[in-house]
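Open the model in your viewer and keep the selection panel at hand. This tour goes from one selection to the next.

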Protein chains: 4
Amino acid sequence: MPTNQSPKATVSSVVPDHGVKAPAPDRALLDDLVVANRILFDQGVVDAFGHVSVRHDKASDRFLLARNMAPGQVMHADIIEFDLDGNPIDANGRGVYLERFIHGEIFRARPDVKAVVHNHSPTVVPFSIVPSQPFRPVCHMCGFIGAGARNFEVREVVGDASDLLIRSRELGAALARTLGTGYITLMRGHGATIVAESIPHVVYRAVYAEVNARLLAEALRLGPVTYLTEGEAETARNNVESQVQRPWNLWKARVAADVGLT
Amino acid sequence: MPTNQSPKATVSSVVPDHGVKAPAPDRALLDDLVVANRILFDQGVVDAFGHVSVRHDKASDRFLLARNMAPGQVMHADIIEFDLDGNPIDANGRGVYLERFIHGEIFRARPDVKAVVHNHSPTVVPFSIVPSQPFRPVCHMCGFIGAGARNFEVREVVGDASDLLIRSRELGAALARTLGTGYITLMRGHGATIVAESIPHVVYRAVYAEVNARLLAEALRLGPVTYLTEGEAETARNNVESQVQRPWNLWKARVAADVGLT
Amino acid sequence: MPTNQSPKATVSSVVPDHGVKAPAPDRALLDDLVVANRILFDQGVVDAFGHVSVRHDKASDRFLLARNMAPGQVMHADIIEFDLDGNPIDANGRGVYLERFIHGEIFRARPDVKAVVHNHSPTVVPFSIVPSQPFRPVCHMCGFIGAGARNFEVREVVGDASDLLIRSRELGAALARTLGTGYITLMRGHGATIVAESIPHVVYRAVYAEVNARLLAEALRLGPVTYLTEGEAETARNNVESQVQRPWNLWKARVAADVGLT
Amino acid sequence: MPTNQSPKATVSSVVPDHGVKAPAPDRALLDDLVVANRILFDQGVVDAFGHVSVRHDKASDRFLLARNMAPGQVMHADIIEFDLDGNPIDANGRGVYLERFIHGEIFRARPDVKAVVHNHSPTVVPFSIVPSQPFRPVCHMCGFIGAGARNFEVREVVGDASDLLIRSRELGAALARTLGTGYITLMRGHGATIVAESIPHVVYRAVYAEVNARLLAEALRLGPVTYLTEGEAETARNNVESQVQRPWNLWKARVAADVGLT
């Protein structure tokens with residue numbers, strides 16, 4: 001059975017760089033990653049914690065992620081390249097997120113996934129701590145939730161005295177297994193992890209996961225809820241998400257100047 | 001029985017222009033329509049999605065609506081003229097809202113209606129997914145809800161695997177039938193559509209539909225609710241709505257400079 | 001028994017001036033009244049509707065109140081003098097609030113009252129429509145609620161098809177009777193009326209009535225609530241309200257520049 | 001048994017200075033205390049009321065606390081030195097917080113505590129008035145709540161007609177006993193008191209106590225809740241709180257310019 005984690009384990013750390021840098025990613029991809037950090041904060045689905053990554057466009061076994069810092073303060077110079085084991089390539093002594101294994105293991109398990117958000121979305125977390133209440137889609141904007149988000153219970157991996165963090169490849173892989181072929185997974189007492197085929201898509205889904213949580217929580221207090229059917233969820237996801245550029249443009253306009261873009 | 005919609009159906013599209021432009025609408029009407037887009041966003045009853053239209057003042061079989069974009073970014077140049085079938089007159093290759101049929105079919109069915117809002121109002125949507133809980137007025141500002149909003153169930157028209165969107169004249173007409181002679185109709189898992197005799201009226205009603213939803217949702221948690229009687233609703237609507245210019249002026253003052261008005 | 005009100009009754013109106021102006025009120029009193037209008041809007045306890053009045057410091061049978069407009073836009077020039085019957089003295093053709101009778105009749109009935117707020121406080125209104133759930137104080141800042149706010153049911157005065165508005169001296173007097181010797185009364189489906197010995201006091205109470213409503217509504221969902229005893233309410237009101245200048249200064253600092261004060 | 005407090009007891013007062021000033025505290029400590037006041041307001045966990053103190057770095061029997069004022073307006077010049085009995089050393093006639101005894105008695109009882117926040121956190125207070133509903137941690141950011149916050153019932157000390165305020169050393173000592181070895185205690189109908197080993201820690205805990213309250217209140221409405229185990233709470237507190245500088249930097253960046261820091 002699982003062993004408890006030692007107390008006072010580090011959360012952020014300086015980790016030795018490993019390997020050789022891939023060719024530089026497209027500037028537009030970097031721009032989008034920096035903007036995504038700022039949008040997630042501006043839209044209230046990350047606070048000082050949480051992170052967003054993108055798979056490297058020139059090297060499918062690499063991903064890009066900010067150094068250990070608040071997403072709302074990320075600039076271009078803060079982006080670091082990682083391999084799928086979670087080793088930084090060019091941290092140059094800067095601290096990295098402890099939970100980078102979320103990103104590496106999902107990129108490994110899901111070739112279709114190009115971008116990952118991990119957050120502590122305020123109305124999604126309550127669903128993570130009430131396992132009897134499924135998190136299912138109730139509106140056409142949220143078809144990506146499909147038949148309902150699966151809930152990752154960290155205790156099943158590391159026992160009942162952990163810090164709940166995804167602090168190892170083992171835990172990242174376990175989380176990726178819970179995610180399965182879905183687009184969102186809840187993490188008990190912790191948050192959510194959301195995946196998509198692009199940065200604008202994953203940001204859209206992170207924002208609308210919170211919207212769905214608010215709609216559903218409110219509706220559950222009113223009476224029996226009509227959920228989307230699986231067919232509705234799939235059709236709505238396919239069709240509505242053809243429009244992700246619309247909110248992306250709106251949200252980007254609010255933060256672009258702060259990161260030197262216009 | 002209804003057939004499912006094909007997946008990956010387009011949501012926004014470039015549609016060929018059709019017909020000859022009507023005489024130019026009053027500049028004040030255009031100003032109000034642009035301001036209405038901005039107010040609805042500023043007041044939190046549309047996000048990147050939702051739209052507001054007005055019947056053309058020079059041609060009762062035409063209406064004015066923005067091109068496919070976030071309401072919070074609409075400028076004068078973004079307004080397009082449509083006929084009641086949902087054909088653009090002067091899109092000139094710009095994308096149009098898929099759901100323009102909401103507007104066209106309501107303007108066709110309801111000669112008294114001069115302005116239409118469709119939105120995903122955050123506290124109204126939960127009522128749309130709890131059919132057992134009627135959405136009735138509970139305060140004197142919300143008499144336009146009358147005896148309660150009727151709830152449009154899209155499954156009854158297109159089956160249980162659609163994207164819930166009003167993507168055809170047929171669906172627009174079905175929605176208009178559900179609206180009937182009322183001023184607001186809910187749309188299951190989707191949003192609301194609100195109508196009125198002028199732009200300031202419809203904006204007022206869109207904002208106060210959300211207010212009524214918050215008041216009612218909170219009250220239902222406290223105990224048995226005293227709703228407005230139908231008589232109270234009608235008297236309150238008639239009298240209170242003589243004041244719509246007061247909130248309009250307040251709300252307009254917050255957004256006018258952004259659209260070049262002072 | 002009560003008679004229904006005629007539909008399309010006016011809500012705002014131009015009313016003939018009546019009588020002779022009292023000596024000019026202290027400039028500081030006018031400043032406070034203008035600032036109070038702005039604070040109530042900035043703190044979210046009035047929207048485009050609601051009003052605040054003060055008894056004239058030079059004529060106890062007169063009170064000062066803005067012309068018919070949104071409180072968040074009131075300037076010094078918008079203040080009008082009224083007699084206790086609700087007649088304006090110096091409106092000079094400007095529209096006045098229909099519900100000025102709230103203020104006149106309370107100032108008549110309660111010599112101790114120097115300032116009155118009427119509003120549609122968003123979390124207080126739900127308590128007004130759930131008569132079985134008393135609005136009692138649950139925190140030391142809200143002792144002014146005493147043994148609980150009494151709830152005015154307009155139907156008992158004018159029947160069940162009114163617009164719920166206090167549109168006559170008769171209705172104002174009925175409301176004043178419900179208020180009795182208290183400091184706050186709820187108005188079913190409409191709002192609240194709050195009174196105090198000064199403008200800063202009444203603004204404090206209007207803001208903290210909303211705070212109490214939020215605390216109480218949340219607590220009622222958690223389990224059985226410990227209310228303040230009547231002794232606690234009275235002691236807390238006496239002691240805590242000696243500090244009303246502290247929030248007043250904080251709130252005033254946010255709005256003073258907008259009304260030409262520094 | 002307890003005696004009632006006299007009505008109209010003062011809440012703020014000018015108290016004679018007592019004793020000799022300790023050597024000047026580190027400038028960085030003063031900076032942090034001023035910034036903490038501003039952050040607590042900016043993050044919505046104090047309003048015009050509430051306070052934060054720090055133990056003097058040059059004299060462990062002294063603490064630093066603002067004069068009687070809104071935390072959101074505190075500047076360096078407003079900080080006063082106190083002894084553990086609550087006597088000011090250098091008030092020089094400025095009013096002091098009535099409830100300074102909260103700070104003095106906790107610093108006396110808990111040598112490990114270096115900083116104390118007392119506030120009326122909006123979603124924590126409801127838990128204080130529902131004694132049957134324990135306030136336990138439900139997310140990894142909130143391990144400091146441990147096995148659950150103990151609830152201080154002021155009636156047990158001063159009877160059922162007090163103003164609920166901690167207006168004496170006796171009451172401060174009673175509160176400190178309820179706190180025991182914990183990091184947060186609720187105060188019925190009043191607020192919370194939170195302690196930590198540094199200013200950034202205590203600010204972090206004050207903000208995340210409110211976060212935990214929101215998560216827990218929402219979750220309790222959804223169904224049976226999975227709380228953190230005591231082991232999880234302890235491990236999470238140890239590990240996650242190694243990161244308190246991250247939110248501190250984010251929050252400080254929003255307020256630093258207002259207090260003359262950059």
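**Before you start**

This is a predicted model, in which local features need pLDDT of at least 70, side-chain atom pairs count only at pLDDT 80 or more, and totals for chains, interfaces and linings use all residues. Residues are numbered from 1 along each chain as its sequence is written, chains are lettered from A and ligands numbered from 1 in the order in which they are written, and side-chain values use heavy atoms, with hydrogens and water left out.

**Stop 1: chains A and D**

Select chain A and chain D. Chain A brings 43 residues to the contact and chain D brings 32 residues. Contact here means heavy atoms within 4.5 Å. The two chains bury about 3,000 Å² between them, 61% of it on carbon and sulfur atoms. Buried area is the accessible area (1.4 Å probe) lost when two parts are put together, summed over both.

Now look for charge pairs. There are 3 salt bridges across the interface of chain A and chain D. The rule asks for a side-chain nitrogen of Lys or Arg within 4 Å of a carboxyl oxygen of Asp or Glu. Zoom to A:Arg155 and D:Glu232: they form a salt bridge, with the closest N and O atoms 2.9 Å apart.

On the side of chain A that touches chain D, the elements giving two or more residues are helix H3 (125–128) and helix H6 (199–222) of chain A. Helices are DSSP runs (H or I, at least four residues), numbered from the N terminus. By class, this side has 21 nonpolar, 14 polar and 8 charged residues. Nonpolar covers Ala, Val, Leu, Ile, Met, Phe, Trp, Tyr, Cys and Pro; charged covers Asp, Glu, Lys and Arg; the others, Gly among them, are polar.

**Stop 2: chains A and B**

The buried area is about 3,000 Å², with 62% from carbon and sulfur atoms. The salt bridge count between chain A and chain B is 3. Pick A:Glu232 and B:Arg155, whose side chains meet in a salt bridge (2.9 Å, N to O).

**Stop 3: the axis**

Superpose chain A on chain D. A turn of 90° and a shift of 0.0 Å along the axis do it, with an RMSD of 0.0 Å. That is the relation of a four-fold axis. Which residue of chain A comes closest to the rotation axis? Select A:Arg221, at 5.4 Å (C-alpha).

Only 2% of the interface residues of chain A are also interface residues in chain D, so the copies meet through different surfaces.

Now try the pairs that do not touch. Chain A and chain C have no contact; their closest C-alpha atoms lie 11 Å apart. Chain B and chain D do not touch either, with nearest C-alpha atoms 11 Å apart.

**Stop 4: H7 of chain B**

Select residues 230–240 of chain B. This helix, H7, is mostly covered, with 8 of its 11 residues buried. Buried means under 20% relative accessible area (1.4 Å probe, protein chains only). Among the buried residues are B:Glu232, B:Arg237 and B:Val240. Their cover includes helix H6 (199–222) of chain B together with helix H4 (155–158) of chain C.

Conventions: Buried means under 20% relative accessible area, exposed over 50%, partly exposed in between (1.4 Å probe, protein chains only). Copies are superposed by least squares on the C-alpha atoms of residues with pLDDT of at least 70 in both.
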